[in-house]
Amino acid sequence: MARNAPDFVLHQPGLQLALGAGITLLWIALVSRLPRSSSRAPANWAIGLTMLWCSAVVLLMPWFDNGRSYRETVRSLEIAVAGERSSTPGACIASTGLPDHVKSSLDYFADIRTVPIVGDSTPCPLLLVMNDRKPVMQLAPEWKPVWEFRRGAGRRAETFTLLRREGS
């Protein structure tokens, strides 16, 4: 798990432990109360499978959410953008290489809408670039990195970089 999501930190381990223990106790109570009959074995199987699924969801969902959601990435970007926008209020953010699902996450989690680059130029003083193992486009030397965030590992590694145009 650590290899696939090196940045994962479980924020409420006590809650997951309590929910897992509660599901286990519920499973034991349900199985012990079933009357003896010919349908007991299929009922035990169905109850056990349902409780196993519930336990897996409760215990593993935060880890899956960390690996699939852009929530932490956008939170970090929001802090960086707030610092940059304090010096130039109302500044737009241009983007290149952002897929639609990342743009949607930016809008959903932080109300950040990026402007596409048209004709290799932009009036925006900030530029957000995503590199997911594709060749990175060459940027003019006036762009200087002010924030970087690495997400995922291995084949799913992504790097987000926020650049500021020097002299703007």
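Author: The chain has 4 helices and 5 strands. Helices here are DSSP runs of H or I with at least four residues, and strands are runs of E with at least two, numbered from the N terminus. Along the sequence the order is α-α-α-β-α-β-β-β-β. This is a predicted model: local features need pLDDT of at least 70, side-chain atom pairs count only at pLDDT 80 or more, and totals for chains, interfaces and linings use all residues. Residues are numbered from 1 along each chain as its sequence is written, and side-chain values use heavy atoms, with hydrogens and water left out.

Now the rings. A pair of aromatic rings is described by the distance of the centres and the angle of the planes. Rings of Phe, Tyr and Trp (its six-membered ring) pair if their centres lie within 6.5 Å; planes under 30 degrees apart are stacked, over 60 edge-to-face, the rest tilted. The structure holds 3 aromatic pairs. One of them joins Tyr108 and Phe109, edge-to-face, at 5.1 Å centre to centre and 75 degrees between the planes. Tyr108 is exposed, at 69% relative accessibility. Phe109 is partly exposed, at 28%. Trp147 and Phe149 are stacked, because their planes meet at 15 degrees, with centres 6.1 Å apart. Trp147 is buried at 10% relative accessibility, and Phe149 is buried at 17%. Buried means under 20% relative accessible area, exposed over 50%, partly exposed in between (1.4 Å probe, protein chains only). Of the 168 residues in the chain, 30% are buried.
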